[in-house]
Amino acid sequence: MTVLQRAIFGLLVCISLATYPALADSKGENAEKFVAKLGETALEMVTNKELVGDARRESFRKLLQANFDMPWIGQFVLGKHWRRASPDQRETYLKLFEESIVFTYTNRFDEYSGQTFEVTGNTEADRFTMVKSRIVNPANPEGSVLVDWRLIEDSGDFKIVDVVIEGISMGITQRNEYSAVIDSNGGKIDSLLVKMEEILENLRKRA
């Protein structure tokens, strides 16, 4: 599982009680409510033992598509190589990107062990809103992990476009990993697609 996938998984499996301001009406506060609500929905999914197999993956896919700007994230992660990619390569890449995330997270739903998630504030930067949060492991309360969620608002709706863990952007980290695969294979984008398909196949076998 890549670093970005681990980061997003942190939100989707480590939430038990999300907290946020009771009276929220500013853009930042509404962004906090968005992240907290996503956490509540994710918790219901993770702890539903009757939701398994294809049904679990499709439910998770809907959650992902509704709350994360997957085309935006996918294009950002491919970085400079996006412009060189053909329409077919872009389509294949985005499908593999989403599919790998779906299988990675749903394969690990059973690992949830009662971690708590708390929204702690927000900041504004240009057109983005950063929602700050903290994940606490009850087995190690001193080892809290600080996670920030970068959101963009479009016509009143929020979408997550990046996850920042302890100050490190997972989008940039993932982009560096993908770029390294392409660069080490003579700049061939197909080399990344082959690698992604191999990883996805392994995930399918463990599902």
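Predicted model: local features only at pLDDT ≥ 70, side-chain atom pairs only at ≥ 80, totals over all residues.
**Ile 152**

I started with the contacts of Ile 152 (contact means heavy atoms within 4.5 Å). Leaving aside neighbours within four places in sequence, Ile 152 is in contact with Arg 127, Phe 128, Asp 157, Phe 158, Lys 159 and Val 161. I placed Ile 152 in strand β3, residues 140-154. Helices (H or I, at least four residues) and strands (E, at least two) are DSSP runs, numbered from the N terminus. Is Ile 152 buried or exposed? At 15% relative accessibility, Ile 152 counts as buried. My cut-offs: buried is under 20% relative accessible area, exposed is over 50%, and partly exposed is in between (1.4 Å probe, protein chains only). I also checked Ala 31, which is 121 residues from Ile 152 along the chain; their C-alpha atoms are separated by 9.1 Å.

**What I am looking at**

Residues are numbered from 1 along each chain as its sequence is written, and side-chain values use heavy atoms, with hydrogens and water left out.

I looked up pLDDT, the predictor's confidence in each residue, from 0 to 100. The protein chain averages 87, and 88% of the residues score at least 70. Over residues 14-24 the pLDDT is below 50, and this stretch has 35 contacts in the model beyond near neighbours in sequence.

**Whole chain**

I found eight helices and five strands in the protein chain. Along the sequence they follow the pattern α-α-α-α-α-α-β-β-β-β-β-α-α. Of the 207 residues, 45% count as buried. Taking contacts between residues at least 6 apart in sequence, 60% join residues at least 24 apart. The accessible surface comes to about 10,500 Å², and 50% of that belongs to carbon and sulfur atoms. Those areas come from the Shrake-Rupley method with a 1.4 Å probe; for residues, only the protein chains shown count as cover.

**Asp 148, also in β3**

I went back to β3 for Asp 148. Asp 148 has a relative accessible area of 16%, so it is buried. Setting aside neighbours within four places in sequence, I listed its contacts as Met 130, Val 131, Lys 132, Ser 133, Asp 162, Val 163 and Val 164.

Buried residues in α2 include Gly 28, Ala 31, Phe 34, Val 35, Leu 38 and Ala 42.

Of its 46 residues, Val 35, Phe 60, Tyr 93, Phe 97, Trp 149 and Leu 151 touch the most other members. Helix α2 gives the most to this core, with eight residues.

Tyr 93 is in helix α6 and is buried, with a relative accessible area of 1%. What does the side chain of Tyr 93 reach? I found the backbone nitrogen of Leu 78 at 3.5 Å. Beyond neighbours within four places, contacts of Tyr 93 include Gly 74, Trp 82, Tyr 178 and Met 196.

Gln 89 is also placed in α6, residues 87-106, and is buried at 17% relative accessible area. A polar contact of 2.9 Å joins its side chain to that of Asp 190. For that term, I need a pair of N or O atoms within 3.5 Å; within protein, one must be able to donate a hydrogen and the other to accept it, and residues adjacent in sequence count only if both atoms are side-chain atoms.

Most residues other than glycine have a negative phi. Asp 126 is not a glycine, yet has a positive phi of about 55°. Asp 126 sits in the loop between β1 (116-125) and β2 (128-137) and is exposed, at 78%. Glu 166 has a positive phi of about 50°, in the loop between β4 (157-165) and β5 (168-169). Glu 166 is partly exposed, with a relative accessible area of 45%.

Technical notes:
Core = buried A, V, L, I, M, F, W, Y, C linked by side-chain atoms within 4.5 Å.
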